[in-house]
Amino acid sequence: MEKPSFRVLFFRYYDRKIADGTITFSQIGISKSDFTRLCTEADFVPDMESVERACKAMKLTEEETAAMLEAAAL
């Protein structure tokens, strides 16, 4: 089975955290331009620092963070 792309994982976690009130867009730590690119470019991945910051801001589990970092590195 193919692993989900960074974009798929990001929006899976992001949408859940926004919906449950855990975070707001301004807390995510990703620039507006990078977020726009995530929405419009299927293979875009922000720099690792931004990915790590987003994982912390979204309060992801260890497993979720590992999956995001792995997808970002591909």
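1. A residue counts as buried when its relative accessible area is under 20%. The model is predicted.

2. Overall fold. The protein has four helices and zero strands. Along the sequence the pattern reads α-α-α-α. Its radius of gyration is 11 Å, close to the 11 Å from the globule rule for 74 residues, so the protein is as compact as a globular protein of that length. The C-alpha trace spans about 30 × 25 × 20 Å along its principal axes.

3. Contacts and burial. Take contacts between residues at least 6 apart in sequence: 62% of them join residues at least 24 apart. Of the 74 residues, 35% count as buried.

4. Surface and charge. The accessible surface is about 4,700 Å², and carbon and sulfur atoms hold 54% of it. There are 10 positive and 13 negative charges, and their mean positions lie 5 Å apart.

5. Aromatic rings. The structure holds eight aromatic pairs. F10 and F11 make an edge-to-face pair, with centres 5.0 Å apart and 85 degrees between the planes. F10 has 0% relative accessibility, so it is buried. F11, at 18%, also counts as buried.

6. How are the rings of F10 and Y14 arranged? Their centres are 5.3 Å apart and their planes meet at 15 degrees, so the pair is stacked. Both residues sit in helix α1 (residues 6-19), four residues apart, about one turn of the helix. F10 and Y14 are both buried.

7. Ring pairs join F6, F10, F11, Y14, F25 and F35 into a cluster.

Technical notes: Residues numbered from 1 in each chain as written. Predicted model: local features only at pLDDT ≥ 70, side-chain atom pairs only at ≥ 80, totals over all residues. Heavy atoms only, no water. Helix = DSSP H or I, 4+ residues; strand = E, 2+ residues; numbered from the N terminus. Rg over C-alpha atoms; globule rule 2.2 N^0.38 Å. Buried < 20%, exposed > 50% of the residue type's maximum accessible area, 1.4 Å probe, protein only. Contact = heavy atoms within 4.5 Å. Areas by Shrake-Rupley, 256 points an atom, 1.4 Å probe, with all protein chains shown as cover. Lys, Arg positive; Asp, Glu negative; His and termini not counted. Charge placed at Lys NZ, Arg CZ, Asp CG, Glu CD. Phe/Tyr/Trp six-rings, centres within 6.5 Å; stacked < 30°, edge-to-face > 60°.
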